[in-house]
Amino acid sequence: MIRTVNLTKIFRTDEVETTALNKVSFEIKKGEFVAIMGPSGCGKSTLLNILGLLDNPSEGEYYFLGNEVSRFSEKQRANSRKQNIGFVFQNFNLIDELNVYENVELPLIYLGMSSAERKKKVESALEQMQITHRRKHFPLQLSGGQQQRVAVARAVVANPHLILADEPTGNLDSAHGEEVMNLLASLNQGGTTIIMVTHSQRDAEYAQRIIRLFDGQIINENIKSGRSEIPVI
Amino acid sequence: MISNFLTTAVRSLLRQKYYALINLIGLSVGIAAFLLIVLYVQHETGFDKHLRKRDNLFRVVEIQNEPGVGEQHVAITMGPLAGALKADFPQVVNAVRFMPGFDIQVVSLGNKNFRERGLYYTDPSVIGMFNIEFLQGNPATALSTPMSVVLSEKTVEKYFGSTPNVLGKSMMLGKRSFVITGIMKDQPMQTHLFFDILVSISSVENQADFEWMKGWGSNSLITYIELDQSESRQIIEEKFPEFLRKNVFSKEEGWEFLEMYLQPLDEVYLESQHIKFQNVSAAGDINLVIVFIVIAVLILLVACVNFINISIARSVKRAREVGIRKVLGADRLSLVYQFISESLLLTLLAIFIAVGLVELALPEMNKLLATDFHIDFRGNWIFNAGLFLILIIISLAAGSYPAFYLSRFQPVKVLKGGSSIKGSSAGYLSKGLVVFQFMISVGLMFSVLVINDQVDYMKNKDLGIIYRDAIFVFFGDDDDAGKSEPLRNELLKDSRIRTVSGCSFLNGVSGSQGPVFVDDSARTKLTMRFGYVDYNFFEAMGVKFVAGRNFDRKIASDKGGSVIINQAAARKLGWDNPLGMKFKTVMGADTTVKPEVIGVINDYHYFSMRSLIEPAIYVWNPEMFRGLLIGYYAESDKQSVRKYIEDKWIDHFPDTPFQPVVADDFAAESYKNDQKLFSLFVYFTTISVLLSVLGLFGLTSLLIEQKTRIIGIRRVLGGPVWKITSQLIHDYMLLVLIAGAIALPLTYYFLEQQLRQFAYRIDINAFHMISAVVILTLIAFFTIIFKAYRAAGANPVKALKYE
């Protein structure tokens with residue numbers, strides 16, 4: 001489903017040139033749950049943004065669903081993104097002016113779905129996340145855990161092939177964090193590919209595989225089943 | 001999708017009520033001011049539109065260049081001109097003459113007596129050319145025979161009430177009886193030449209008093225011609241020199257310089273500032289219309305700039321939303337749609353409020369301008385189309401930059417840490433717009449200061465004549481002057497009356513101007529204004545003598561045989577010592593002697609300060625008096641003394657309506673129009689400056705809000721807050737100065753052009769310019785201090801949690 005070859009990202013400002021990703025290559029198969037770990041500033045989020053088609057790499061190749069997408073235009077990326085990828089963020093990133101229902105509905109609107117179809121899908125996503133009773137509430141009226149459930153509902157509502165989660169439990173207490181992780185795990189069991197950036201070893205336990213980054217490079221790719229341990233330096 | 005946009009728009013506006021309100025107030029006030037000006041401009045440009053043939057109608061204008069007054073354009077022409085034009089040029093389909101009924105002081109029916117202003121002698125062709133609609137009578141013949149009069153509906157009602165069938169009835173115009181031959185529909189007031197009584201010109205053409213009407217020497221009539229097509233104008237104008245040679249110069253002596261041209265009727269109302277002796281009922285000024293259009297556009301621009309600036313500043317807060325929408329698959333176009341639909345919504349709301357504000361402001365404006373403006377959605381499609389256009393233009397102008405700017409955000413970046421507008425291209429744009437706004441404000445402020453001084457100057461300048469505590473009442477007919485002695489004596493018996501004096505008018509001069517020949521071998525000629533005044537007129541009106549003496553009752557020859565001139569006349573004639581100089585003849589003076597100059601009076605303003613004081617010559621000839629000037633002591637109760645005068649007047653002249661001209665009002669009248677428009681100008685300028693301040697207030701609030709964190713950190717660390725404030729102040733002062741540097745020279749140029757219209761004017765000085773900049777600087781300064789003070793006073797912990 002995902003294959004990267006020598007993915008490199010360099011940020012330039014007037015004075016400094018920072019290599020956020022340095023020739024990163026790996027592969028993720030359909031249905032996998034992969035955690036990306038590493039210290040702050042190691043390039044986790046940069047990698048996630050590129051994988052999520054929010055940003056283009058400076059160099060290297062990125063195959064997503066069989067297409068080389070590293071040189072896609074903004075419009076092409078937006079198109080592919082809205083059809084295939086759902087996002088969950090650490091700080092939820094819900095739109096404050098829209099209520100729960102409307103937030104979850106948003107991706108479907110951009111997909112151009114009819115209102116009846118949207119209603120069906122939103123209801124089902126809300127149900128799945130057990131947040132139906134809060135449908136008329138605004139984000140600021142919800143607890144962090146509830147907000148993240150809404151965010152997950154929004155990420156899955158369009159049935160994406162891939163969900164990208166950026167520290168999904170970072171702003172939650174442990175109980176709510178676990179709740180969200182269980183949701184993600186159950187989604188994965190349903191067949192959705194999940195890539196999650198996290199600091200938390202506990203959260204990483206939910207994944208089948210952990211990719212460890214340090215200074216923009218993969219230092220360790222660990223398949224938890226213990227079958228193999230492939231250093232990729 | 002639209003409903004989602006609108007939901008977001010409405011809720012986001014509600015969430016940021018403060019800025020939404022600033023935007024909304026700014027826009028609605030801006031649009032309201034714009035609409036008010038549009039109504040004014042529509043009114044001014046809507047004159048004479050009822051004349052269906054106006055595209056082919058022209059007024060004949062003469063250019064005279066006579067010694068004394070210099071080159072002047074006049075709209076009065078000779079009696080035979082209309083006929084000659086029609087005879088000589090096949091392109092002239094029709095021609096008509098208008099002459100105000102100078103000789104008709106009073107129109108009466110039974111015991112109803114009125115002075116009529118809309119009374120004109122005219123040719124029968126007027127009916128076709130001015131598409132006059134008849135309610136009764138035969139348009140083809142109504143004005144063909146002498147002693148015929150056509151009345152408007154209103155006039156019929158005024159004299160006859162509800163009496164049916166007034167056709168064929170007679171009424172008195174002056175001393176003669178006329179037969180009503182037609183009733184016409186009332187003319188609209190929005191015309192440069194309003195008339196409600198038309199008299200056949202043949203009624204006077206053959207009278208001895210009007211002998212001059214047959215010659216080419218005297219100008220008294222307005223001539224309009226109708227051409228086969230408007231393009232013929234050029235052909236005719238090219239042939240005018242030849243036409244004048246043949247018809248005027250060959251027959252009439254005395255003309256040294258005369259040219260003619262055709263003025264399109266459409267231009268008469270607005271573009272006749274340079275034309276004298278127009279005898280029109282209303283005159284506008286294209287210059288003012290342009291000035292107001294410019295102000296309207298500037299106000300709208302200021303409002304738009306506010307909108308854009310606040311939207312850009314707010315974009316920091318909206319950036320996150322844009323980022324999320326982008327992540328969820330929104331493309332740029334849909335974001336642009338979203339923001340434009342937001343500004344569309346806001347503008348639509350603003351337009352509704354603006355229309356309400358206009359309704360509120362209209363009564364005041366109508367009172368000020370003595371107009372009857374109203375919003376007419378059904379009948380005024382231009383206005384409706386204009387509103388729609390405003391909606392589209394403002395929505396796009398105000399919404400597009402934020403739309404394109406925001407939609408360009410990289411979702412990754414904005415979701416990470418927001419974006420600050422500082423240093424980015426939007427930051428420069430924002431500053432540029434603030435400079436632009438200040439430019440408008442500085443420019444308008446500068447204009448207000450200068451125009452205010454000019455109006456003050458005109459109000460306070462020594463006119464050389466005192467228009468105070470006196471009234472002037474017109475006689476009913478020429479004989480009244482001779483019969484006024486008993487009234488005069490009786491009035492003077494009352495201790496409150498200080499003087500009674502016969503004269504042409506309150507200002508001492510008549511409406512006539514003409515050549516006067518000096519009694520010398522060189523046949524020196526000077527065009528002068530004629531004035532007919534009593535021996536005590538100058539004294540009564542406080543006009544001072546610079547040489548010689550006044551008319552003296554004890555010297556019999558003074559009556560008609562002596563003249564007094566003003567300084568301008570002496571100057572033009574090159575007389576260092578005018579006393580004793582003689583003229584060959586002077587209109588209205590004794591024809592058997594050569595009138596001699598016995599005195600020179602100080603140049604006083606007999607017209608408004610827009611025009612130069614022209615040479616004038618005064619004769620003491622009671623036969624030429626048009627009314628009485630009655631002065632009373634300042635201490636006396638004005639109401640009761642005027643009532644007393646009225647009672648006495650009615651006793652002596654029961655058939656002459658008592659319609660006094662009050663001196664104080666007359667003086668005010670001369671600058672009233674300037675003052676009126678100046679008030680309007682001040683109102684709109686104030687609005688524009690307030691809008692700028694409002695925008696600055698909003699923008700500063702947002703900028704300081706963005707700096708809340710810095711202010712918080714500084715306070716936690718115990719550092720001074722003023723540094724942030726002083727930086728902001730420093731930045732803005734610089735912007736005001738830049739704005740001043742650009743706006744002042746431009747405005748200076750514009751104001752010089754405007755002041756040039758005034759013959760007597762102030763000079764623009766540095767004080768005006770510095771004040772404008774200082775005022776604006778202070779406003780900006782206090783706005784920032786106020787906001788910064790509040791921000792600095794906030795709890796730093798809250799400030800730090802903010803991001």
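Good morning. The largest nonpolar core of this predicted model has 157 residues, and those with the most contacts inside it are A:I36, A:A153, B:I31, B:I37, B:I299 and B:V442. A nonpolar core here is a set of buried Ala, Val, Leu, Ile, Met, Phe, Trp, Tyr and Cys residues joined through C-beta atoms within 7 Å. A residue is buried if 20 or more other C-beta atoms lie within 10 Å of its own, exposed if 12 or fewer, and partly exposed in between, with C-beta atoms placed from the backbone. The most is given to this core by helix α9 (residues 286-327) of chain B, with 20 residues. B:I31 touches B:A303, B:A350, B:I351, B:A354 and B:I390, leaving aside residues up to four places away in sequence. Two residues are in contact if their C-beta atoms, placed from the backbone, lie within 7 Å. Apart from this core lies another, of 60 residues, among them B:I104, B:I236, B:V268 and B:Y269.

A word on conventions. Residues are numbered from 1 along each chain as its sequence is written, while chains are lettered from A and ligands numbered from 1 in the order in which they are written. As the model is predicted, local features need pLDDT of at least 70 and side-chain atom pairs count only at pLDDT 80 or more, whereas totals for chains, interfaces and linings use all residues.

I turn to chain B as a whole. Chain B has 23 helices and 24 strands; helices (H or I, at least four residues) and strands (E, at least two) are DSSP runs, numbered from the N terminus. Of the 803 residues in chain B, 42% are buried. Along the principal axes, the C-alpha atoms of chain B fill a box of roughly 105 × 60 × 55 Å. Among contacts in chain B between residues at least 6 apart in sequence, 82% join residues at least 24 apart.

Next, the interface. Chain A places 18 residues in contact with 17 residues of chain B. On the chain A side, the elements that give two or more residues are α2 (74-84) and α3 (100-110), and the largest share, five residues, comes from α3(A). That side divides into ten nonpolar, two polar and six charged residues; Ala, Val, Leu, Ile, Met, Phe, Trp, Tyr, Cys and Pro count as nonpolar, Asp, Glu, Lys and Arg as charged, and the others, Gly among them, as polar.

Now helix α6 of chain A. Which residues of α6(A) are buried? They are A:G177, A:V180, A:M181, A:L183, A:L184 and A:N188. Seen down the helix axis, the buried residues of α6(A) fall within an arc of 150°, so they line one face of the helix; the arc is that of the directions from the helix axis to the C-beta atoms. On the other side of α6(A), A:A175, A:N182, A:S186 and A:Q189 are exposed. The cover over the buried residues includes β3 (33-37), α5 (144-156), β7 (162-166), β8 (193-197) and α7 (201-204) of chain A. Just after α6(A), A:G191 takes a positive phi of about 115°.

Finally, a sheet. Chain A contains an open sheet of four strands in the order β2-β1-β4-β5, with antiparallel pairing; two strands pair if DSSP finds at least two bridges between them. Its edge strands are β2 (17-28) and β5 (67-68). Strand β1 (residues 2-12) of chain A pairs with β2(A) over eight bridges, and a hairpin of four residues joins β1(A) to β2(A). In β2(A), A:I28 is the bridge partner of A:I2.
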